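Have a look at the model first, then read on.

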Amino acid sequence: KKKQARNEAQAKAAAIAAEEAVKTEAAFQKEIFAKAEKYAAEYAELEATAISSRRQAKANNTFFVPPEGKVVFVTRIRGTIGVSPKVVKILRLFRLRQINNGVFVKVNAATINMLRLIEPYIAYGYPNLKSVRELIYKRGYGKVSGQRVPLSSNDVVSAGLAEFGLNCVEDVIHEIFTVGPHFKEAANFLWPFKLNSPRHGYGGKKKLIHFNEDGSCGMQGSKIN
């Protein structure tokens, strides 16, 4: 009888826990959906503002200069055999340890100076929303307890960034694209992207020559997309 009563109590507790888990998951999915809708409206408003500003400038016979990007996507395109230790140190600071590794970097005076020092070894530019989203969804891996874990579900993001209020993949995309208050944590959570080499090789004459001189290295602006 004692064993039967114990089993019944355990079964009842398990049923209650399962019911609570279902309710929690439903609430979580509802919250994620609401966030995604809010972010989509925000992105649409940004796009509409940019289009309106261009049209207004054209109507007034002036030029519209879009604001400079707050984030750049940096990818390494060359090896570092025989180069100065300073260059190697900066590449390691940016976590660009292998050729074709890529990371998101916040634009400020310090990072601009460092990027200029390593320009011959990298290609970088301003990513658009489509590129940020595709990189994270298709090639995104997160750092959870020091391990490289694919972003196959929102639970991975919650495990690494819940303390900063980032609970789903859309939260990470929004934080990176808009350079939110927890950009540093979100960028460090993302494992450096492992990209493939360009299908038809690097564009221009040579990847050793700057992009402005028909090469591949250096600042590429929106062409990085």
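What percentage of the 225 residues in the chain is made up of buried residues? Buried residues make up 32% of them, where buried means under 20% relative accessible area, exposed over 50%, and partly exposed in between (1.4 Å probe, protein chains only).

## Ground rules

This is a predicted model, so to speak of local features pLDDT must be at least 70, and side-chain atom pairs count only at pLDDT 80 or more, while totals for chains, interfaces and linings use all residues. Residues are numbered from 1 along each chain as its sequence is written, and side-chain values use heavy atoms, with hydrogens and water left out.

## Overall layout

The chain has seven helices and seven strands; these are DSSP runs numbered from the N terminus, with helices (H or I) of at least four residues and strands (E) of at least two. From the N terminus on, they run α-β-α-β-α-β-α-β-β-α-α-α-β-β.

Along the principal axes, the C-alpha atoms fill a box of roughly 85 × 55 × 35 Å.

Beyond its neighbours within four places in sequence, Phe189 is in contact (heavy atoms within 4.5 Å) with residues including Tyr141, Val144, Leu151, Val156 and Leu161.

## The sheet

Five strands form an open sheet in the order E6-E2-E1-E3-E7, with mixed pairing; two strands pair if DSSP finds at least two bridges between them. Strand E6 (193-194) and strand E7 (218-219) stand at the edges with a single partner strand each, so one side of each is left without a neighbour in the sheet. E3 and E7 run parallel, joined by two bridges, and Tyr124 has Met219 as its bridge partner in E7.

Glu119 sits in the loop between helix H3 (109-117) and strand E3 (122-125). Leaving aside neighbours within four places in sequence, Glu119 is in contact with Tyr124, His210, Cys217, Gly218 and Met219.

Glu119 is buried yet has no salt bridge (a side-chain nitrogen of Lys or Arg within 4 Å of a carboxyl oxygen of Asp or Glu). The nearest side chain of opposite charge, Arg116, is 5.6 Å away; Lys and Arg count as positive and Asp and Glu as negative, with His and the chain ends not counted.
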